[in-house]
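Try each one before reading its solution.

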Amino acid sequence: MSGEFSDFTALTNDSRIKIAIFGVGLIGGSLALCFKGKPGVHVVGHSVNPSSTEKYVARGVVDSATTSVEEAAKDADFLFLCVPVGRLEDYVDELAKLPLKRGCIVTDVGSTKASVVKHAAKLSARGAVFIGGHPMAGSERSGVEAASLHLLENAFYVLTPTEDTPPESVDKLERLLKWTRAHIVKTDAVQHDDIVGAISHLPHMIAVALVNQIAGYNDSNELYRRLAAGGFRDITRIASSDPLIWRDILLNNREVMLKLIRDWQSEMERFAVLLEEGDGEGVAEQFRRAGQFRSQLPERRKGMITSIYECYVDVPDHPGIIGKIATELGQAKINLSNLQIIESREDVPGVLRLSFQQSDDLDKATDLLKSLQYDVHM
Ligand SMILES: NC(=O)C1=CN([C@@H]2O[C@H](COP(=O)(O)OP(=O)(O)OC[C@H]3O[C@@H](n4cnc5c(N)ncnc54)[C@H](O)[C@@H]3O)[C@@H](O)[C@H]2O)C=CC1
Ligand SMILES: O=C(O)C(=O)Cc1ccc(O)cc1
(Lines give C-alpha, C1' and ligand atoms only; values in the text may rest on other atoms or scores of the structure.)
(Ligands and ions follow the chains in the order given, each with its own letter.)
Protein backbone atom coordinates (compact mmCIF):
# COMPACT_ATOMS: atom_id res chain seq x y z
CA MET A 1 0.00 0.00 0.00
CA SER A 2 1.44 3.36 -0.88
CA GLY A 3 1.35 7.07 -0.08
CA GLU A 4 -1.68 8.47 1.71
CA PHE A 5 -3.14 4.99 2.36
CA SER A 6 0.02 3.34 3.66
CA ASP A 7 -1.12 3.31 7.29
CA PHE A 8 -4.55 1.84 6.53
CA THR A 9 -3.90 -1.84 7.20
CA ALA A 10 -2.33 -0.95 10.53
CA LEU A 11 -5.86 -0.13 11.68
CA THR A 12 -7.19 -3.60 10.97
CA ASN A 13 -6.26 -6.73 12.90
CA ASP A 14 -4.64 -8.38 9.92
CA SER A 15 -3.43 -7.29 6.54
CA ARG A 16 -6.54 -8.47 4.69
CA ILE A 17 -9.58 -6.24 4.52
CA LYS A 18 -12.96 -7.66 3.59
CA ILE A 19 -15.49 -5.15 2.33
CA ALA A 20 -19.09 -6.25 1.80
CA ILE A 21 -21.35 -4.19 -0.46
CA PHE A 22 -25.09 -4.84 -0.16
CA GLY A 23 -26.75 -3.56 -3.36
CA VAL A 24 -24.20 -3.14 -6.13
CA GLY A 25 -25.99 -0.43 -8.12
CA LEU A 26 -24.91 3.08 -9.11
CA ILE A 27 -23.51 3.99 -5.68
CA GLY A 28 -22.60 0.50 -4.35
CA GLY A 29 -20.92 -0.35 -7.66
CA SER A 30 -18.99 2.93 -7.70
CA LEU A 31 -17.74 2.31 -4.14
CA ALA A 32 -16.80 -1.28 -5.04
CA LEU A 33 -14.75 0.00 -7.99
CA CYS A 34 -12.88 2.37 -5.65
CA PHE A 35 -11.92 -0.47 -3.29
CA LYS A 36 -11.42 -3.40 -5.66
CA GLY A 37 -7.83 -4.22 -6.52
CA LYS A 38 -6.34 -2.30 -3.58
CA PRO A 39 -3.67 -4.32 -1.74
CA GLY A 40 -5.11 -6.89 0.65
CA VAL A 41 -8.69 -5.89 -0.13
CA HIS A 42 -11.43 -8.36 -1.02
CA VAL A 43 -14.73 -6.86 -2.14
CA VAL A 44 -17.82 -9.07 -1.95
CA GLY A 45 -21.10 -7.96 -3.46
CA HIS A 46 -24.51 -9.05 -2.23
CA SER A 47 -27.75 -9.20 -4.18
CA VAL A 48 -31.00 -11.01 -3.55
CA ASN A 49 -30.98 -11.96 -7.22
CA PRO A 50 -28.59 -14.73 -8.46
CA SER A 51 -28.38 -13.32 -11.99
CA SER A 52 -27.28 -9.96 -10.52
CA THR A 53 -24.44 -11.56 -8.55
CA GLU A 54 -23.14 -13.16 -11.76
CA LYS A 55 -23.34 -9.77 -13.49
CA TYR A 56 -21.35 -8.00 -10.75
CA VAL A 57 -18.49 -10.50 -11.07
CA ALA A 58 -18.62 -10.63 -14.87
CA ARG A 59 -18.37 -6.83 -15.05
CA GLY A 60 -15.34 -6.93 -12.72
CA VAL A 61 -16.97 -4.63 -10.15
CA VAL A 62 -16.45 -7.01 -7.20
CA ASP A 63 -14.07 -9.90 -6.41
CA SER A 64 -16.91 -12.24 -5.51
CA ALA A 65 -20.66 -12.09 -5.05
CA THR A 66 -23.31 -13.97 -3.13
CA THR A 67 -27.04 -14.04 -2.48
CA SER A 68 -26.41 -14.87 1.19
CA VAL A 69 -26.33 -11.92 3.63
CA GLU A 70 -24.60 -14.19 6.15
CA GLU A 71 -21.83 -15.18 3.74
CA ALA A 72 -21.25 -11.57 2.66
CA ALA A 73 -21.18 -10.30 6.24
CA LYS A 74 -18.99 -13.10 7.68
CA ASP A 75 -15.65 -11.66 8.89
CA ALA A 76 -16.24 -8.42 6.97
CA ASP A 77 -14.34 -5.37 8.26
CA PHE A 78 -16.62 -2.90 6.48
CA LEU A 79 -20.24 -3.44 5.43
CA PHE A 80 -21.80 -0.88 3.07
CA LEU A 81 -25.60 -0.84 2.78
CA CYS A 82 -26.28 0.56 -0.70
CA VAL A 83 -29.92 -0.42 -1.19
CA PRO A 84 -32.93 1.92 -1.48
CA VAL A 85 -33.66 3.92 1.69
CA GLY A 86 -36.84 1.90 2.33
CA ARG A 87 -34.80 -1.33 2.66
CA LEU A 88 -31.96 -0.07 4.87
CA GLU A 89 -33.59 -0.91 8.18
CA ASP A 90 -34.44 -4.47 7.01
CA TYR A 91 -30.74 -5.03 6.24
CA VAL A 92 -29.78 -3.65 9.66
CA ASP A 93 -32.24 -6.12 11.23
CA GLU A 94 -30.77 -9.03 9.27
CA LEU A 95 -27.22 -8.08 10.22
CA ALA A 96 -28.25 -7.73 13.87
CA LYS A 97 -29.03 -11.47 13.90
CA LEU A 98 -25.58 -12.47 12.63
CA PRO A 99 -22.24 -13.04 14.35
CA LEU A 100 -20.44 -9.95 12.97
CA LYS A 101 -16.70 -9.43 13.26
CA ARG A 102 -15.91 -7.51 16.47
CA GLY A 103 -15.34 -3.80 15.76
CA CYS A 104 -16.52 -4.05 12.16
CA ILE A 105 -17.98 -0.89 10.69
CA VAL A 106 -21.45 -0.94 9.16
CA THR A 107 -22.29 2.12 7.11
CA ASP A 108 -24.89 3.07 4.52
CA VAL A 109 -25.16 5.46 1.58
CA GLY A 110 -28.84 6.41 1.91
CA SER A 111 -29.92 9.92 0.96
CA THR A 112 -31.62 10.34 4.34
CA LYS A 113 -29.92 9.70 7.65
CA ALA A 114 -32.00 10.29 10.81
CA SER A 115 -34.13 7.13 10.77
CA VAL A 116 -31.40 4.66 9.78
CA VAL A 117 -28.93 6.08 12.32
CA LYS A 118 -31.51 5.72 15.09
CA HIS A 119 -32.50 2.21 14.00
CA ALA A 120 -28.94 0.94 13.58
CA ALA A 121 -27.85 1.83 17.11
CA LYS A 122 -28.86 -1.77 17.96
CA LEU A 123 -25.81 -3.07 16.03
CA SER A 124 -23.53 -2.01 18.89
CA ALA A 125 -24.96 -4.92 20.90
CA ARG A 126 -23.43 -7.19 18.21
CA GLY A 127 -19.99 -5.60 18.58
CA ALA A 128 -20.36 -3.59 15.37
CA VAL A 129 -20.23 0.19 14.94
CA PHE A 130 -22.78 1.88 12.67
CA ILE A 131 -21.84 5.18 11.04
CA GLY A 132 -24.37 6.83 8.73
CA GLY A 133 -22.98 7.94 5.39
CA HIS A 134 -24.17 9.82 2.32
CA PRO A 135 -21.95 10.29 -0.71
CA MET A 136 -23.43 13.44 -2.19
CA ALA A 137 -22.78 12.58 -5.79
CA GLY A 138 -24.67 10.51 -8.23
CA SER A 139 -26.75 10.96 -11.28
CA GLU A 140 -30.19 10.40 -12.68
CA ARG A 141 -28.99 6.99 -13.90
CA SER A 142 -29.12 3.80 -11.86
CA GLY A 143 -27.86 0.23 -11.72
CA VAL A 144 -24.38 -1.28 -11.79
CA GLU A 145 -24.12 -0.34 -15.50
CA ALA A 146 -23.97 3.33 -14.44
CA ALA A 147 -21.32 2.75 -11.71
CA SER A 148 -18.03 4.56 -12.18
CA LEU A 149 -14.66 4.62 -10.45
CA HIS A 150 -14.71 8.42 -10.59
CA LEU A 151 -18.30 9.07 -9.49
CA LEU A 152 -17.41 10.25 -5.99
CA GLU A 153 -14.14 11.99 -6.79
CA ASN A 154 -14.20 15.56 -5.42
CA ALA A 155 -17.77 15.18 -4.18
CA PHE A 156 -18.79 15.76 -0.56
CA TYR A 157 -19.30 12.56 1.46
CA VAL A 158 -21.31 13.20 4.62
CA LEU A 159 -20.78 11.04 7.71
CA THR A 160 -23.16 11.28 10.65
CA PRO A 161 -21.45 9.77 13.74
CA THR A 162 -23.31 10.20 17.04
CA GLU A 163 -21.81 11.03 20.44
CA ASP A 164 -21.66 7.27 21.11
CA THR A 165 -19.60 6.50 17.99
CA PRO A 166 -15.98 5.61 18.88
CA PRO A 167 -13.75 8.27 17.24
CA GLU A 168 -11.28 5.58 16.16
CA SER A 169 -14.03 3.90 14.10
CA VAL A 170 -14.86 7.18 12.36
CA ASP A 171 -11.17 7.62 11.68
CA LYS A 172 -10.93 4.10 10.24
CA LEU A 173 -13.88 4.68 7.90
CA GLU A 174 -12.48 8.04 6.80
CA ARG A 175 -9.19 6.36 5.92
CA LEU A 176 -10.96 3.75 3.84
CA LEU A 177 -13.02 6.40 2.06
CA LYS A 178 -9.86 8.17 0.93
CA TRP A 179 -9.94 5.68 -1.91
CA THR A 180 -13.08 7.41 -3.22
CA ARG A 181 -11.24 10.77 -3.34
CA ALA A 182 -14.38 12.39 -1.92
CA HIS A 183 -14.27 15.15 0.72
CA ILE A 184 -15.60 14.04 4.10
CA VAL A 185 -17.99 16.34 5.98
CA LYS A 186 -19.34 15.36 9.40
CA THR A 187 -22.71 16.48 10.71
CA ASP A 188 -25.63 15.39 12.78
CA ALA A 189 -28.18 13.12 11.04
CA VAL A 190 -31.23 15.33 11.71
CA GLN A 191 -29.43 18.41 10.44
CA HIS A 192 -28.33 16.40 7.39
CA ASP A 193 -31.95 15.61 6.53
CA ASP A 194 -33.03 19.26 6.88
CA ILE A 195 -30.25 20.56 4.65
CA VAL A 196 -30.21 17.79 2.05
CA GLY A 197 -34.03 17.92 1.95
CA ALA A 198 -33.73 21.57 0.90
CA ILE A 199 -30.80 21.39 -1.52
CA SER A 200 -31.43 17.99 -3.13
CA HIS A 201 -34.82 16.45 -2.36
CA LEU A 202 -36.86 19.65 -2.95
CA PRO A 203 -35.17 20.36 -6.33
CA HIS A 204 -35.89 16.77 -7.44
CA MET A 205 -39.54 17.21 -6.52
CA ILE A 206 -39.77 20.61 -8.23
CA ALA A 207 -38.16 19.21 -11.40
CA VAL A 208 -40.71 16.38 -11.51
CA ALA A 209 -43.66 18.73 -10.85
CA LEU A 210 -42.43 21.12 -13.53
CA VAL A 211 -42.05 18.39 -16.15
CA ASN A 212 -45.49 16.99 -15.29
CA GLN A 213 -47.05 20.47 -15.51
CA ILE A 214 -45.61 20.98 -19.01
CA ALA A 215 -46.50 17.39 -20.04
CA GLY A 216 -50.10 18.25 -19.14
CA TYR A 217 -50.09 21.28 -21.48
CA ASN A 218 -48.38 19.20 -24.14
CA ASP A 219 -51.34 16.82 -24.21
CA SER A 220 -53.25 19.49 -26.11
CA ASN A 221 -50.34 21.02 -28.03
CA GLU A 222 -47.20 19.10 -29.10
CA LEU A 223 -45.28 22.34 -29.57
CA TYR A 224 -44.59 22.50 -25.79
CA ARG A 225 -42.37 19.42 -25.99
CA ARG A 226 -40.70 20.47 -29.22
CA LEU A 227 -39.75 23.91 -27.96
CA ALA A 228 -38.69 22.74 -24.50
CA ALA A 229 -34.94 22.51 -25.07
CA GLY A 230 -32.00 24.37 -23.48
CA GLY A 231 -32.79 25.67 -20.01
CA PHE A 232 -35.79 23.41 -19.54
CA ARG A 233 -33.77 20.29 -20.33
CA ASP A 234 -30.98 21.51 -18.10
CA ILE A 235 -32.98 22.20 -14.95
CA THR A 236 -35.20 19.13 -15.31
CA ARG A 237 -32.47 16.49 -15.88
CA ILE A 238 -33.00 15.13 -12.38
CA ALA A 239 -36.70 14.52 -13.11
CA SER A 240 -35.48 11.37 -14.91
CA SER A 241 -34.19 9.88 -11.63
CA ASP A 242 -35.20 6.39 -10.51
CA PRO A 243 -38.86 6.44 -9.31
CA LEU A 244 -38.46 3.82 -6.56
CA ILE A 245 -35.23 5.25 -5.16
CA TRP A 246 -36.94 8.67 -4.93
CA ARG A 247 -40.22 7.30 -3.59
CA ASP A 248 -38.27 5.95 -0.63
CA ILE A 249 -36.22 9.13 -0.10
CA LEU A 250 -39.21 11.47 -0.12
CA LEU A 251 -41.35 9.23 2.08
CA ASN A 252 -38.52 8.76 4.54
CA ASN A 253 -37.92 12.53 4.78
CA ARG A 254 -41.59 13.43 4.58
CA GLU A 255 -41.83 15.73 7.62
CA VAL A 256 -38.98 17.86 6.35
CA MET A 257 -40.42 17.76 2.81
CA LEU A 258 -43.88 18.90 3.91
CA LYS A 259 -42.41 22.00 5.53
CA LEU A 260 -40.25 22.66 2.46
CA ILE A 261 -43.28 22.35 0.14
CA ARG A 262 -45.16 24.94 2.22
CA ASP A 263 -42.17 27.32 2.06
CA TRP A 264 -41.94 26.73 -1.70
CA GLN A 265 -45.63 27.54 -2.06
CA SER A 266 -45.01 30.83 -0.18
CA GLU A 267 -42.17 31.69 -2.57
CA MET A 268 -44.46 31.07 -5.57
CA GLU A 269 -47.26 33.00 -3.89
CA ARG A 270 -44.89 35.96 -3.47
CA PHE A 271 -44.34 35.91 -7.26
CA ALA A 272 -48.09 35.65 -7.88
CA VAL A 273 -48.76 38.74 -5.73
CA LEU A 274 -45.97 40.73 -7.42
CA LEU A 275 -47.39 39.85 -10.85
CA GLU A 276 -50.98 40.56 -9.80
CA GLU A 277 -49.89 43.99 -8.57
CA GLY A 278 -47.74 44.58 -11.67
CA ASP A 279 -44.78 45.20 -9.32
CA GLY A 280 -41.86 45.04 -11.79
CA GLU A 281 -39.35 46.34 -9.27
CA GLY A 282 -40.44 43.59 -6.86
CA VAL A 283 -39.96 40.93 -9.55
CA ALA A 284 -36.53 42.29 -10.46
CA GLU A 285 -35.58 42.31 -6.77
CA GLN A 286 -36.36 38.57 -6.55
CA PHE A 287 -33.92 37.92 -9.40
CA ARG A 288 -31.28 40.21 -7.81
CA ARG A 289 -31.50 38.45 -4.44
CA ALA A 290 -31.30 35.00 -6.06
CA GLY A 291 -28.39 36.01 -8.29
CA GLN A 292 -26.47 37.37 -5.32
CA PHE A 293 -26.84 34.20 -3.26
CA ARG A 294 -26.14 31.97 -6.24
CA SER A 295 -22.90 33.80 -7.01
CA GLN A 296 -21.69 32.85 -3.53
CA LEU A 297 -22.19 29.10 -4.06
CA PRO A 298 -19.03 27.04 -3.77
CA GLU A 299 -17.28 25.94 -6.92
CA ARG A 300 -19.01 23.27 -8.97
CA ARG A 301 -18.77 19.85 -7.36
CA LYS A 302 -19.33 16.53 -8.99
CA GLY A 303 -22.76 14.96 -8.87
CA MET A 304 -25.04 17.17 -6.89
CA ILE A 305 -27.53 18.53 -9.37
CA THR A 306 -24.83 19.76 -11.66
CA SER A 307 -25.71 20.90 -15.12
CA ILE A 308 -24.65 18.77 -18.00
CA TYR A 309 -22.96 20.62 -20.85
CA GLU A 310 -24.10 19.33 -24.21
CA CYS A 311 -23.59 19.76 -27.91
CA TYR A 312 -25.00 18.02 -30.96
CA VAL A 313 -23.00 16.71 -33.87
CA ASP A 314 -24.56 16.06 -37.24
CA VAL A 315 -22.74 13.01 -38.52
CA PRO A 316 -23.32 10.80 -41.53
CA ASP A 317 -25.12 7.68 -40.39
CA HIS A 318 -22.46 5.05 -40.98
CA PRO A 319 -20.83 2.49 -38.67
CA GLY A 320 -17.58 3.55 -37.04
CA ILE A 321 -18.28 7.28 -36.83
CA ILE A 322 -19.21 7.15 -33.14
CA GLY A 323 -16.01 5.32 -32.24
CA LYS A 324 -14.06 7.81 -34.33
CA ILE A 325 -15.49 10.83 -32.50
CA ALA A 326 -15.00 9.20 -29.09
CA THR A 327 -11.38 8.40 -30.02
CA GLU A 328 -10.69 11.97 -31.19
CA LEU A 329 -12.00 13.33 -27.88
CA GLY A 330 -10.11 10.73 -25.87
CA GLN A 331 -6.83 11.49 -27.65
CA ALA A 332 -7.33 15.18 -26.86
CA LYS A 333 -7.94 14.19 -23.18
CA ILE A 334 -11.43 15.67 -23.24
CA ASN A 335 -13.70 14.01 -20.67
CA LEU A 336 -16.91 12.90 -22.33
CA SER A 337 -19.57 11.93 -19.77
CA ASN A 338 -22.16 10.57 -22.21
CA LEU A 339 -22.73 10.01 -25.89
CA GLN A 340 -26.21 9.37 -27.19
CA ILE A 341 -27.65 8.69 -30.62
CA ILE A 342 -30.81 10.72 -31.07
CA GLU A 343 -33.48 8.74 -32.80
CA SER A 344 -36.05 11.50 -33.19
CA ARG A 345 -34.48 14.31 -35.22
CA GLU A 346 -37.50 16.59 -34.90
CA ASP A 347 -36.31 18.99 -32.26
CA VAL A 348 -32.56 18.54 -32.02
CA PRO A 349 -29.89 20.01 -34.22
CA GLY A 350 -27.78 16.85 -34.70
CA VAL A 351 -27.83 13.08 -34.57
CA LEU A 352 -25.29 12.61 -31.78
CA ARG A 353 -25.64 14.24 -28.37
CA LEU A 354 -22.35 14.63 -26.50
CA SER A 355 -22.51 15.46 -22.79
CA PHE A 356 -19.74 16.83 -20.58
CA GLN A 357 -19.58 17.62 -16.88
CA GLN A 358 -17.27 20.61 -17.30
CA SER A 359 -18.03 23.60 -19.52
CA ASP A 360 -14.35 23.63 -20.36
CA ASP A 361 -14.58 20.15 -21.89
CA LEU A 362 -17.57 21.22 -23.97
CA ASP A 363 -15.65 24.24 -25.30
CA LYS A 364 -12.59 22.13 -26.14
CA ALA A 365 -14.75 19.44 -27.82
CA THR A 366 -16.64 21.91 -30.02
CA ASP A 367 -13.38 23.61 -31.10
CA LEU A 368 -11.77 20.26 -31.87
CA LEU A 369 -14.72 18.78 -33.76
CA LYS A 370 -15.25 21.97 -35.77
CA SER A 371 -11.56 21.96 -36.68
CA LEU A 372 -12.07 18.39 -37.93
CA GLN A 373 -14.93 19.69 -40.15
CA TYR A 374 -17.76 18.17 -38.09
CA ASP A 375 -21.06 20.03 -38.06
CA VAL A 376 -21.43 20.97 -34.35
CA HIS A 377 -24.48 22.71 -32.83
CA MET A 378 -25.25 23.86 -29.28
N1 LIG B 1 -28.82 7.86 -7.19
C2 LIG B 1 -28.02 8.72 -6.63
O3 LIG B 1 -27.55 9.62 -7.31
C4 LIG B 1 -27.68 8.58 -5.18
C5 LIG B 1 -28.28 7.61 -4.40
N6 LIG B 1 -27.95 7.50 -3.07
C7 LIG B 1 -28.55 6.45 -2.24
O8 LIG B 1 -27.89 5.25 -2.59
C9 LIG B 1 -28.75 4.14 -2.42
C10 LIG B 1 -28.72 3.31 -3.68
O11 LIG B 1 -29.12 4.11 -4.77
P12 LIG B 1 -28.56 3.88 -6.24
O13 LIG B 1 -27.23 3.25 -6.20
O14 LIG B 1 -28.77 5.14 -6.95
O15 LIG B 1 -29.66 2.85 -6.77
P16 LIG B 1 -29.49 1.66 -7.80
O17 LIG B 1 -30.88 1.33 -8.22
O18 LIG B 1 -28.48 1.96 -8.82
O19 LIG B 1 -28.94 0.50 -6.86
C20 LIG B 1 -29.72 -0.06 -5.85
C21 LIG B 1 -29.21 -1.43 -5.50
O22 LIG B 1 -30.08 -2.00 -4.51
C23 LIG B 1 -30.64 -3.22 -5.00
N24 LIG B 1 -32.05 -3.23 -4.63
C25 LIG B 1 -33.05 -2.51 -5.19
N26 LIG B 1 -34.21 -2.81 -4.59
C27 LIG B 1 -33.94 -3.73 -3.66
C28 LIG B 1 -34.73 -4.42 -2.72
N29 LIG B 1 -36.04 -4.20 -2.63
N30 LIG B 1 -34.11 -5.31 -1.92
C31 LIG B 1 -32.78 -5.51 -2.00
N32 LIG B 1 -31.97 -4.89 -2.87
C33 LIG B 1 -32.56 -4.00 -3.68
C34 LIG B 1 -30.49 -3.20 -6.51
O35 LIG B 1 -30.37 -4.50 -7.01
C36 LIG B 1 -29.20 -2.41 -6.68
O37 LIG B 1 -28.08 -3.25 -6.56
C38 LIG B 1 -30.12 4.71 -2.07
O39 LIG B 1 -30.32 4.55 -0.70
C40 LIG B 1 -30.01 6.17 -2.46
O41 LIG B 1 -30.83 6.97 -1.64
C42 LIG B 1 -26.99 8.28 -2.49
C43 LIG B 1 -26.36 9.23 -3.24
C44 LIG B 1 -26.67 9.46 -4.63
O1 LIG C 1 -27.89 13.87 -10.35
C2 LIG C 1 -27.67 14.75 -9.51
O3 LIG C 1 -27.22 15.86 -9.78
C4 LIG C 1 -27.93 14.46 -8.08
O5 LIG C 1 -28.32 15.31 -7.33
C6 LIG C 1 -27.65 13.06 -7.67
C7 LIG C 1 -27.94 12.74 -6.25
C8 LIG C 1 -29.08 12.02 -5.95
C9 LIG C 1 -29.34 11.64 -4.65
C10 LIG C 1 -28.46 12.00 -3.66
O11 LIG C 1 -28.72 11.63 -2.39
C12 LIG C 1 -27.31 12.69 -3.94
C13 LIG C 1 -27.04 13.05 -5.25
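**Exercise 1.** Sort the shell around ligand 1 by residue class, then work out where ligand 1 lies relative to domain 1 and domain 2.

Step 1. By class, the shell holds 12 nonpolar, 11 polar and 2 charged residues. Here Ala, Val, Leu, Ile, Met, Phe, Trp, Tyr, Cys and Pro count as nonpolar, Asp, Glu, Lys and Arg as charged, and the others, Gly among them, as polar.

Step 2. In this predicted model, where local features need pLDDT of at least 70 and side-chain atom pairs pLDDT 80 or more, totals for chains, interfaces and linings use all residues. Residues are numbered from 1 along each chain as its sequence is written, with chains lettered from A and ligands numbered from 1 in the order in which they are written.

Step 3. Ligand 1 is surrounded by 25 residues (C-beta, placed from the backbone, within 6 Å); Gly23, Gly25, Ser111, Gly138 and Ser142 are the closest.

Step 4. Helices H1 (26-35), H4 (85-95) and H10 (243-252) each give two or more residues, and H1 gives the most, with 3. Helices are DSSP runs of H or I, at least four residues, numbered from the N terminus.

Step 5. Domain 1 (14-187) and domain 2 (192-295), bounded by an automatic or database assignment, both contribute to the shell, so ligand 1 lies between them.

**Exercise 2.** Describe how H7 passes H11.

Step 1. The axes (lines fitted to C-alpha atoms over the stretch in contact, with angles from 0 to 180 degrees between N-to-C directions) of H7 (189-218) and H11 (254-276) come within 10 Å and cross at roughly 55°.

Definitions and conventions:
Left-handed = near helix turned anticlockwise from the far one by under 90°.
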